[in-house]
Amino acid sequence: MRKSVILSVVLHTLAGFAALLWLLWYFMPVSNVFKSLATLMLAMLAGWLVWKNYRYRVQQTNGSDAFIELPLLDTQGPVVLVCGDALETIFQGQPLRKTAQGWWLHAGEVGELTDMVRSIQVQQPRQIGQLSVMYVCLADQHQDEAVLRSALKTLRQQIKQLSALTGFTLPVVVSCEFSGPQTPWVIVRGNKPVVCPANESPQALIDWQQTQENLATLPLLSQAFGFIRETLLDELDKADRLIPPVRAFAVALRLGATNTDPAPQSVWSNWLFRRTCLQFPCVVAANDPANRFPDAILPLLAPFAAPVQGGQRTRRVVFLMWLCALAALGFSALNNRNLIREVGADLQRWSAIPMNHYAPKAQSLVALKQDALELERWHRQGEPMRYSLGYYPGQRLWLALQQAIDTYVPPPAPKPKPVPKIVRLDSMSLFDSGKAALKDGSTKVLVNALVGIKAKPGWLIVVSGHTDNTGGVQLNQTLSLRRAEAVRNWMRDTGDVPESCFAVQGYGDSRPIASNETPDGRSHNRRVEISLVPQADACRIPGEKPASPDVRDVSTQEMEK
């Protein structure tokens, strides 16, 4: 028994623990640190619950006073726990009575109901859902109404304890037998009394009383109904701050011979005499098993009796799983809403940035592409569990992202910087060897260079002289500078270019473009270079406006041709 108790407690606790972990790790939008701490706390709580339930079950199993050995309840119908008056006479010394529609189980005194149900819960937990209670009241056996009401109060206390033990309220049937003319069992469920004669079909009370032999029972049955309503049901349904009321599922009553000797001046006889001045002798009935129990109650209880697995603990675990499933649906809807908000925020930022704001637009484009790539990956591999139970909007969001990405216009390519145009003039064609004065035949060469220079007004004209390495360094530097100045002076005087537009430099032999080891290389190194530097408004021809950026750009392109 202990092994089954331990296994049951562990399985139920693990099922609840798994449901909570499933909700925590797959749906709750919290950080992994919080999830880890919560998992640790849940594991500690699960261990504590296993230990506590195990201790409780062992105490219940080892409690010899409260533990009752029960027969195997292998029926699928209702199992009625019978308590109240004269049970030994009703059951004839047997622990239960079996029928095709259900079982009647001897539960003993009213105060023993909780112990009986606790034993069933430990030994046969599946039968907890099949249980109901029937209280037997033999009004002719009670001399004091206060004692009878006290037993009903005890029944209310037991039903309250059973509700806490099982997790639901067991149906309660009130069965009463009264002295008087012989009648079959009358079952009252709601406002429709039904008479159930032995071996005959049930019929309505009003139809049963139409026959001549049954008319005599009408006043006595009416008084029996009044006694049950004003004494038994009144006590069960009385308002109490500590004990909840008990609503009777059904009432079973009959008149005629009772199963035991009546008490003198019973509660029923006094009740009947005060109201009708009638007295009926009570006759002890033969022990007919067919009449001892109101078997017609069993079909009424059948829809409310069903086997369950594990009793209250199983229902709690199932309820916890349902709560986790509902919470998962809610968290999934919340996660989908957050996903829509995040992607929507990126799309709104994209729409708010003008297309010509290239830097922030490019950053927004990166965010859109990351969102689209993540949605594409989820489309291929399946969306995460946290989005799966709600309306996952991945395809719709992906289409919106792609439409936004397709509208992107990249910034125009940067314009290339103009490269200064260099005009190289052979020094030998302009100057005699070792001289800085222009030769008479150099005019044609200088005119051609001047034409290209005057086409770019406002640019800086750099004239630099170069020599080979023949001669001293200082002499070559001075000679190169004087030759550059001679070219500058000619261009200034001939082309009417302001002197401020020129920059003159002499490099000597410091910047060769060919080897000085050969005559041809030295010939190339002896040169004068004229460079046009696209420096805006470096100089200006007198009387002319500064060149606009477009003019300068066109001039740059013409210079590079």
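These legends describe close-up views of a predicted model.

Residues are numbered from 1 along each chain as its sequence is written. Because this is a predicted model, local features need pLDDT of at least 70 and side-chain atom pairs count only at pLDDT 80 or more, while totals for chains, interfaces and linings use all residues; side-chain values use heavy atoms, with hydrogens and water left out.

View 1. Helices (H or I, at least four residues) and strands (E, at least two) are DSSP runs, numbered from the N terminus. Of the 561 residues, 41% count as buried. Buried means under 20% relative accessible area, exposed means over 50%, and partly exposed lies in between (1.4 Å probe, protein chains only). The protein exposes about 30000 Å², and carbon and sulfur atoms supply 57% of that area. Accessible areas come from the Shrake-Rupley method with a 1.4 Å probe; for residues, only the protein chains shown count as cover. Contact means heavy atoms within 4.5 Å. Among contacts between residues at least 6 apart in sequence, 77% join residues at least 24 apart.

**View 2. Nine strands form an open sheet with mixed pairing.** The strand order is β2-β3-β1-β4-β5-β9-β6-β7-β8. The edge strands are β2 (96–98) and β8 (203–204), and each pairs on one side only. Two strands pair if DSSP finds at least two bridges between them. Strands β4 (residues 131–138) and β5 (residues 172–178) are parallel partners, joined over six bridges.

View 3. S175 lies in strand β5. V136 stands opposite S175. Leaving out residues up to four places away in sequence, S175 touches M134, Y135, V136, C137, W185, A252 and P294.

**View 4. Strand β9 is largely enclosed by the rest of the structure, because six of its six residues are buried.** In a regular strand the side chains alternate between the two faces of the sheet. In β9, A250, A252 and R254 point one way, and V251, L253 and L255 point the other way. β9 pairs with β5 in the parallel sense over six bridges. Here R254 is the bridge partner of E177. Strand β6 (residues 185–189) runs antiparallel to β9, with three bridges joining the two. In this pair, V188 stands opposite V251.

**View 5. The largest nonpolar core has 52 residues.** A nonpolar core is a set of buried Ala, Val, Leu, Ile, Met, Phe, Trp, Tyr and Cys residues joined through side-chain atoms within 4.5 Å. L81, I120, L155, F178, L253 and W268 have the most contacts inside this core. Helix α7 gives the core its largest share, eight residues.

**View 6. Helix α4 (residues 113–123) is largely enclosed by the rest of the structure, because nine of its 11 residues are buried.** The buried residues are L113, T114, M116, V117, R118, S119, I120, Q121 and V122. I120 touches L70, L73, L81, L105, P125, Q127, I128 and L131, not counting residues up to four places away in sequence.

**View 7. A86 and Q92 have positive phi values.** Most residues other than glycine have a negative phi. Phi of A86 is near 55 degrees. A86 is found in the loop between β1 (79–84) and α3 (87–91). A86 is partly exposed, at 25% relative accessibility. Phi of Q92 is also near 55 degrees. Q92 lies in the loop between α3 and β2. Q92 is partly exposed, with a relative accessible area of 37%.

**View 8. K238 sits in the loop between α7 (218–236) and β9 (250–255).** At 37% relative accessibility, K238 is partly exposed. Beyond its neighbours within four places in sequence, K238 is in contact with R149, R156 and P245. K238 and K153 are 85 residues apart in sequence, yet 9.7 Å apart in space, C-alpha to C-alpha.

**View 9. F319, L323, L326, L329 and L389 form a nonpolar patch on the surface.** Together they have about 470 Å² of accessible area. Patches are made of residues with over 30% relative accessible area and no salt bridge; like charges are joined within 9 Å, and nonpolar side chains (Val, Leu, Ile, Met, Phe, Trp, Tyr) within 5 Å. A salt bridge is a side-chain nitrogen of Lys or Arg within 4 Å of a carboxyl oxygen of Asp or Glu. L323 lies in helix α11 (residues 312–352). L323 is partly exposed, with a relative accessible area of 41%.
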